[in-house]
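Here is a briefing for a reader who is new to this structure. Take a look at the model, then go through the points by topic.

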Amino acid sequence: GTVIPGWRGDTLVVGNYQQDDNATLNITFDTNGNHTALEVKNSAPLGGTLIFTPQSNVFYQNGSYSLSGNAVTAQTISGDFDTKIAQTDSPTLSLSLDTEGNDIVVNIDRPANAYSQWAQNSSQASVGSVLSTIAQTSSADMQSLISTIDWSGADGHGVTTALRALTPSAYSEAGRSSVIEQNEFDVSVL
């Protein structure tokens, strides 16, 4: 099974905890390095997988996020996680994990093709390339748009929909539709 402690730095406190080889502990972190944690009052034999996941619906710059404090504390810890990884449901962000002892660093990257890979035509690909370029220097309003696209669904469909809505052709179609609607109204009045 999977254990997911609370959000935004919340700590799940238990008496004893045993994680077998098929189990997963999922730790969520934010842009400040705060993260959820598991506090075990007694013993904690560890195995299985430890996953670090960024909090969704938040804007992340490309960079390294140092997570402060231990993901698991216990009176006695035996063993270790077989696998430690960073993963995300974002179709536009790539993650990697660096660990040294108790130090955890999650590296987040928004590749140059983060958005354009989901384009269905050259116009959408151009918009996607621009979004990737401006993401690193964007202001709060643009970061809100970018984070909405970043977390629009793991399958990339939301990115494709956003690219379609942001292309010049979307505005052209809306204008054309308005003119046709007005023309039909004028004809019906006459």
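**Salt bridges**

The count comes to three salt bridges, taking a side-chain nitrogen of Lys or Arg within 4 Å of a carboxyl oxygen of Asp or Glu. The model is predicted. The points below take the bridges one by one, then turn to a histidine, the cores, an alanine and the aromatic rings.

- Lysine 41 and glutamate 39 join their side chains in a salt bridge, at 2.8 Å from N to O. Lysine 41 is partly exposed, at 46% relative accessibility. Glutamate 39 is also partly exposed, at 26%.
- Aspartate 80 and lysine 84 form a salt bridge through their side chains, with 3.7 Å from N to O. Aspartate 80 has a relative accessible area of 42%, so it counts as partly exposed. Lysine 84 has 30% and is partly exposed too.
- Aspartate 150 pairs with arginine 110 in a salt bridge, and their closest N and O atoms are 2.8 Å apart. Aspartate 150 sits in helix H2 (residues 140–150), while arginine 110 sits in the loop between strand S10 (103–109) and helix H1 (122–134), so the pair ties together parts that are 40 residues apart in sequence. Aspartate 150 and arginine 110 are both buried.

**Histidine 35**

- Histidine 35 is found in the loop between strand S3 (24–29) and strand S4 (37–46).
- Histidine 35 has a relative accessible area of 9%, and because buried means under 20%, it counts as buried.
- A polar atom of the histidine 35 side chain lies 2.5 Å from the backbone oxygen of serine 68.
- A polar atom of that side chain also lies 3.3 Å from the backbone oxygen of glycine 69.

**Nonpolar cores**

- In soluble globular proteins, nonpolar side chains tend to be buried together.
- Here the largest nonpolar core has 25 residues. Leu25, Phe29, Phe52, Tyr60, Val106 and Ile108 have the most contacts inside it.
- Two or more residues of this core come from each of S3, S4, strand S5 (49–54), strand S6 (63–67), strand S9 (94–100) and S10.
- Which element gives the largest share of this core? S4 does, with four residues.
- Another core lies apart from this one and has eleven residues, among them Ala114, Tyr115, Ile146 and Val159.
- Phenylalanine 29 is in contact with a list of residues that includes His35, Phe52, Tyr60, Tyr65, Val106 and Ile108, leaving aside neighbours within four places in sequence.

**Alanine 135**

- Alanine 135 is located in the loop between H1 and H2.
- Is alanine 135 buried or exposed? At 0% relative accessibility, alanine 135 is buried.
- Alanine 135 touches Phe59, Gln61, Arg110 and Ile146, not counting residues up to four places away in sequence.
- Alanine 135 and arginine 110 are 25 residues apart along the chain, and 8.5 Å separates their C-alpha atoms.

**Aromatic rings**

- How many aromatic pairs does the structure hold? There are three aromatic pairs.
- Tyrosine 60 and tyrosine 65 form an edge-to-face pair, with 5.5 Å centre to centre and 80 degrees between the planes. The pair counts as edge-to-face because its angle is over 60 degrees.
- Tyrosine 60 is buried, with a relative accessible area of 0%. Tyrosine 65 is buried as well, at 10%.
- Phe29, Tyr60, Tyr65 and Trp151 are linked into a cluster by ring pairs.

Methods: Residues are numbered from 1 along each chain as its sequence is written. This is a predicted model: local features need pLDDT of at least 70, side-chain atom pairs count only at pLDDT 80 or more; totals for chains, interfaces and linings use all residues. Side-chain values use heavy atoms; hydrogens and water are left out. Buried means under 20% relative accessible area, exposed over 50%, partly exposed in between (1.4 Å probe, protein chains only). A polar contact is a pair of N or O atoms within 3.5 Å; within protein, one must be able to donate a hydrogen and the other to accept it, and residues adjacent in sequence count only if both atoms are side-chain atoms. A nonpolar core is a set of buried Ala, Val, Leu, Ile, Met, Phe, Trp, Tyr and Cys residues joined through side-chain atoms within 4.5 Å. Contact means heavy atoms within 4.5 Å. Rings of Phe, Tyr and Trp (its six-membered ring) pair if their centres lie within 6.5 Å; planes under 30 degrees apart count as stacked, over 60 as edge-to-face and the rest as tilted.
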